[in-house]
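Please look through the model first and then read on.

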Amino acid sequence: MTRIRSEASRILGERVKAARLRIGISQEDLGELADIHFSNIGKIERGNSNPNLATIVALAGPLGIDPGEWLTGLTPAMLPGRTHHVTAADLIAARADERS
């Protein structure tokens, strides 16, 4: 059994699967419509894959979904191996504090 890549991957996969099931098509049908092998769709839906932007857009199109909906609420904290947990605004504020 392949492990889940990240919390973000798991959530994205659940959203893709829910959209596919909502309209009642199989992974094979979606794969054909999106030009993606159905086994890769299964990996995405299980959270075992980190799809790139082109794949996300390719899957969203046939499902009639705005791909941005699938990304809503996902944060960098949901990704493994993050070494920085500050925002650009935090960095700018810290630099301003250093100068004063």
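Where is the place of Arg-10? Arg-10 lies in helix H1; helices here are DSSP runs of H or I with at least four residues, numbered from the N terminus. This is a predicted model, in which local features need pLDDT of at least 70 and side-chain atom pairs count only at pLDDT 80 or more, while totals for chains, interfaces and linings use all residues. Residues are numbered from 1 along each chain as its sequence is written, and side-chain values use heavy atoms, with hydrogens and water left out.

Arg-10 is partly exposed, with a relative accessible area of 25% (buried means under 20%, exposed over 50%, and partly exposed in between, with a 1.4 Å probe and protein chains only). Leaving aside neighbours within four places in sequence, Arg-10 is in contact (heavy atoms within 4.5 Å) with Ile-4 and Gly-47. The C-alpha atoms of Arg-10 and Leu-91 are separated by 30 Å, and the two residues are 81 residues apart along the chain.

Glu-45 belongs to helix H3, residues 38-45. Glu-45 is buried, with a relative accessible area of 8%. Beyond its neighbours within four places in sequence, Glu-45 touches Gly-13, Glu-14, Val-16, Lys-17, Arg-20 and Gln-27. The table lists polar contacts of its side chain (a pair of N or O atoms within 3.5 Å, where within protein one must be able to donate a hydrogen and the other to accept it, and residues adjacent in sequence count only if both atoms are side-chain atoms).

| Side chains joined | Polar contact |
|---|---|
| Glu-45 and Arg-20 | 2.6 Å |
| Glu-45 and Gln-27 | 2.8 Å |

Helix packing comes next. Helix H1 (residues 7-23) and helix H4 (residues 53-63) pack at an angle of about 25 degrees, with their axes 10 Å apart. H1 is therefore roughly parallel to H4 (angles under 35 degrees count as roughly parallel, over 145 as roughly antiparallel, 65 to 115 as roughly perpendicular and the rest as oblique). In this contact, Leu-12, Val-16, Ala-19, Arg-20 and Ile-23 of H1 meet Ile-56, Leu-59, Pro-62 and Leu-63 of H4.

Helix H2 (residues 27-34) and H4 have axes that come within 9 Å and cross at roughly 110 degrees. H2 is therefore roughly perpendicular to H4. Leu-30, Leu-33 and Ala-34 of H2 meet Ala-58, Leu-59, Pro-62 and Leu-63 of H4.

Conventions:
Helix = DSSP H or I, 4+ residues; strand = E, 2+ residues; numbered from the N terminus. Axes fitted to C-alpha atoms, helices over the stretch in contact; angles between N-to-C directions.
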